[in-house]
Amino acid sequence: MFRFRVTQDGRYTVYSGDKRCFVYSDGDNVVIETADTDYFANYFDFGRDYGAIVSTLSGYDELRSSVECGKGIRIFKQDLFETIISFIISANNHIPRIKSIIERICEAAGQKIDDYYAFPTPENLSRLTVEDFAKIGAGYRARYLAETSKVLAKTDMLQELAQANDKQVHKKLLSLQGIGEKVANCIGLFGLGITNSFPVDTWIFKTLSSDELNTPDKVRRYYQNRYGDLAGFAQQYLFWNVRTI
């Protein structure tokens, strides 16, 4: 999600793990060039019927304008370890700084491939110290990144997360340093495909809070129940709309 570059002519280079693809428009078509076709077909979620999702969510009055605004959005299927580390970095941060920290992490611990660096493996990233992460610019997150990368490198947590049910996933994620409710829901949605996740950040809370829904947790639970397995898609349409207005 955070590892992409865009050129002045609107072409994108997207990186995931140790792979990359090039994305650009050709008339009415979007072209994706890559040596890893199957990987990026899964990454961009080509197997899902987004038309059906748009049709269903458009049936909610409060979502109609958001769905219309963001109906081209897709939820990417991202590498779990990269997603965990990236969203720890994202807490109380802004996108340009998140991207720059991630790139410095890749340069510090990732494998050099052609003219770019792969995202580090758990083992390689776990070799960085709190001081290393601080020098990279992670700020107060340095300790979280050092501790969580070591846990993920030395235990079966990544495999356990991939095999756990939704409630178990949430509990396991919250046990890791640097992960709270919002970040756990983001990781569930983008790293594990748990589509009933409903991350509540400042923008979503400002949009959906009320006298009754007066905490982020109440907002999350209400809309998870309301939209069910499509809650994650609804959240993305709402988020895109509120940031576009």
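This is a predicted model: local features need pLDDT of at least 70, side-chain atom pairs count only at pLDDT 80 or more; totals for chains, interfaces and linings use all residues.
Stop 1: Select residues 12-16, which are strand S2, and residues 19-26, which are strand S3. The two run antiparallel, and 5 bridges join them. Now click on Thr-13: across from it, in S3, you'll find Phe-22. Next, go to the turn, where 2 residues sit between the strands. Pick out Gly-17 there; it has a positive phi near 60 degrees.

Stop 2: Which residue in S4 is the bridge partner of Asp-26? It's Asn-29. This hairpin also has 2 residues between its strands, and Gly-27 takes a positive phi near 70 degrees.

**Stop 3: helix H2.** Jump to residues 50-57. Start with Asp-49 and show its side chain: at the start of H2, one of its side-chain oxygens comes within 3.1 Å of the backbone nitrogen of Gly-51.

Now color the buried residues of H2, namely Tyr-50, Ile-53, Val-54 and Leu-57. Turn the view until you look down the axis of H2: these buried residues fall within an arc of 100 degrees, so they line one face of the helix. Why does that spacing work? An α-helix has 3.6 residues a turn, so residues three or four places apart point the same way.

**Last stop: what covers that face.**

How values were computed. Residues are numbered from 1 along each chain as its sequence is written. Side-chain values use heavy atoms; hydrogens and water are left out. Two strands pair if DSSP finds at least two bridges between them. Helices (H or I, at least four residues) and strands (E, at least two) are DSSP runs, numbered from the N terminus. Buried means under 20% relative accessible area, exposed over 50%, partly exposed in between (1.4 Å probe, protein chains only). The arc is that of the directions from the helix axis to the C-beta atoms. A polar contact is a pair of N or O atoms within 3.5 Å; within protein, one must be able to donate a hydrogen and the other to accept it, and residues adjacent in sequence count only if both atoms are side-chain atoms.
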